Amino acid sequence: MATDNKTADTDQLQEFRDNRDLKLQDKKNENLTTLNLGPTHPATHGIFQNILQMDGEVIMDAVPTIGYIHRAFEKIAERRPFYQITPLTDRMNYCSSPINNMGYHMTVEKLLGITIPKRAQYIRVIMMELARISDHLICNSILGVDSGAFTGFLYVMQEREHIYDIYEEVCGARLTTNMGRIGGMERDLSPKALHLIGEFLKRFPKVWAEFEKMLTRNRIFIDRTVGVGAISAERALSYGFTGPNLRATGIDYDVRVMNPYSSYDDFEFEIPVGSKGDTYDRYLVRNEEVWQSLKIIEQAYKNLPEGSYHADAPHYYLPPKQEVYTSMEALIYHFKIVMGEIDAPKGEVYHSVEGGNGELGFYLVSDGGRTPYRLHFRRPCFIYYQAYTEMIVGGQLADAILTLSSLNVIAGELDA
Amino acid sequence: MELTNENVLGKLIAQFGEENIFDAYDPDGIMTFTTNRENIIALIQYLYDDKDLQVQFLTTMAGIHFPDHKGRELCMMYQLHSLRHNYRLRIKVFVPIADPVLPTLTNIYATANWMEREAYDFYGFIFTGHPNLIRILNIEEMEYHPMLKQYPLEDQTREDKIDTYFGR
């Protein structure tokens, strides 16, 4: 891992910062304009406020305010039985809810000591990678919109609809999916779902190749993104960057490879890395990750093992509905699970998955009760958004918008 | 040196002494131990600088409230990760709720800035030396720290939500 990677214009930037400090000191000389970017500006794609100090078009300072859609998930989670917390996780990174759902399920399974069958793990991998594609697809096409290319956005949005059709077939919902259960999936992949995934695998590569063709070597797009919002690998690590934003700086940290979960070690794929950590690199890394995700889905789809789609854990996994009507045991378990009367063992676990934006971690402390004693979400957006000020200072206002969309800050995950 | 929980723990105890590194256990494969607030910065700096360990990534920080532990009600959990060796560890510091003061970590990790603000916002930890210790997710006028266990989630004046109806 290279940590000595510096952005090309570090010296210039340092010089600029030294001057900036002097200029900020004589703020009262009315040389600077205060500009309110947000909270509800369409170009910020979410509710973020930044109070900017501008010297003409150049940003001298930014003070971010967050928390506009804070919903106290960590507090609510302390009151709810385990299975009722999954819907909360949907609403964090709502561009890739299945990853959040699965990450949470795996955390609880780790606490309960349940191993789930291979087939369920493979189904999870397929759904998580579809979610990653839909996440990156939004991020990159929005980046196009913000730099003036609306067409690509509408074009790939159609593919997101197809991904959502697959979600719908698997779990019944499209955006906030609440997919799967503690102990596996709620149902097996139906023939229709398999068909939709197969169709998607055939159709999507062409669409994505065309999208890449439109932007990757586009003169205007390159001019707008190269060298914009750059961060060095060293600073990115200090700021706790993970995911595509860290990999764009040249560090190949990917949770799927370093701490494989859900059978990720069965699949062959590469970790794309960038070199400069600017907006263009982040765009390229996400683009390439979409191809790698496709590769993973293809492998999982072809080698989907036979077997059960859930673990044999009657205490935690709901019995089939028809058994509830005919068998006393099933009825009891059903009642106890739904009423949340199943106690989890005492313990403390941390589990992390590679979310759309980086390491999505769940730290769960259980005191042996029906609810978590403490559930902490390590939300990658919250952690790296604090570097935003450092990344936009010295650039122009229009570049700040691009930097924000290339970081893929999702308000729901930022504020939890 | 191979990084196993025993090796790392032995190394840290040799450096900081048994009175400062205690209650070590391994709940989920990640070594967890407790230290006191006088040593936390030196410890994390040591983990950062040591050539064998290179624990240079702060994964997360989380506060926990244990109202029944008299004199050590508040717990701060630091989870660190050595990306070089793929080794994780978890450090806990317990402080009394009457004096929830901890030194800031912002001089080592820039990311500690917002994590500490979050801990202040929700649990009332005070981080000495923090550059900007103000609330982050809740409104500034709030007069309490909502994640503390004495604050119930639901409105206690409501009569239609009786716990027994919900299996609680």
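**Close-up 1. B:Arg117 in helix H3 of chain B.** In this predicted model, B:Arg117 is found in helix H3 of chain B, and the residue counts as buried because 20 C-beta neighbours lie inside 10 Å, where 20 or more are required. When residues up to four places away in sequence are not counted, B:Arg117 touches B:Leu133, B:Ile134 and B:Ile136. B:Phe127 is 10 residues apart from B:Arg117 in sequence, and the C-alpha atoms of the two residues are 8.6 Å apart in space.

**Close-up 2. The contact between chain B and chain A.** Chain B brings 25 residues to this contact, and chain A brings 33 residues. On the side of chain B that touches chain A, the elements that give two or more residues are strand E3 (57-65) and helix H3 (112-123) of chain B. Of the elements of chain B, E3(B) gives the most to this side, with 6 residues. By residue class, the side of chain B that touches chain A divides into 15 nonpolar, 9 polar and 1 charged.

**Close-up 3. The packing of helices H6 and H7 of chain A.** Helix H6 (residues 151-171) and helix H7 (residues 191-215) of chain A pack with their axes 10 Å apart and at an angle of about 165°; because angles over 145 degrees count as roughly antiparallel, H6(A) is roughly antiparallel to H7(A). The crossing in which H6(A) passes H7(A) is left-handed. The residues of the contact of H6(A) with H7(A) divide into 13 nonpolar, 2 polar and 4 charged. From H6(A), the residues that meet H7(A) include A:Gly152, A:Tyr155, A:Val156, A:Glu159, A:His162, A:Asp165 and A:Ile166, while those that H7(A) contributes include A:Lys192, A:Leu196, A:Ile197, A:Phe200, A:Phe204, A:Val207 and A:Phe211.

**Close-up 4. A:Ile126 and A:Ile166 in the largest nonpolar core.** The largest nonpolar core holds 152 residues, and among these A:Ile126 and A:Ile166 touch the most other members. Helix H5 (residues 118-146) of chain A supplies the largest share of this core, 14 residues. Leaving aside neighbours within four places in sequence, A:Ile126 is in contact with A:Ile197, A:Ile297, A:Ala300 and A:Tyr301.

Methods: Residues are numbered from 1 along each chain as its sequence is written. Chains are lettered from A and ligands numbered from 1 in the order in which they are written. This is a predicted model: local features need pLDDT of at least 70, side-chain atom pairs count only at pLDDT 80 or more; totals for chains, interfaces and linings use all residues. A nonpolar core is a set of buried Ala, Val, Leu, Ile, Met, Phe, Trp, Tyr and Cys residues joined through C-beta atoms within 7 Å. A residue is buried if 20 or more other C-beta atoms lie within 10 Å of its own, exposed if 12 or fewer, and partly exposed in between; C-beta atoms are placed from the backbone. Helices (H or I, at least four residues) and strands (E, at least two) are DSSP runs, numbered from the N terminus. Two residues are in contact if their C-beta atoms, placed from the backbone, lie within 7 Å. Axes are lines fitted to C-alpha atoms, for helices over the stretch in contact, and angles run from 0 to 180 degrees between N-to-C directions. Angles under 35 degrees count as roughly parallel, over 145 as roughly antiparallel, 65 to 115 as roughly perpendicular and the rest as oblique. A crossing is left-handed if the near helix is turned anticlockwise from the far one by less than a right angle, and right-handed if clockwise. Ala, Val, Leu, Ile, Met, Phe, Trp, Tyr, Cys and Pro count as nonpolar, Asp, Glu, Lys and Arg as charged, and the others, Gly among them, as polar.
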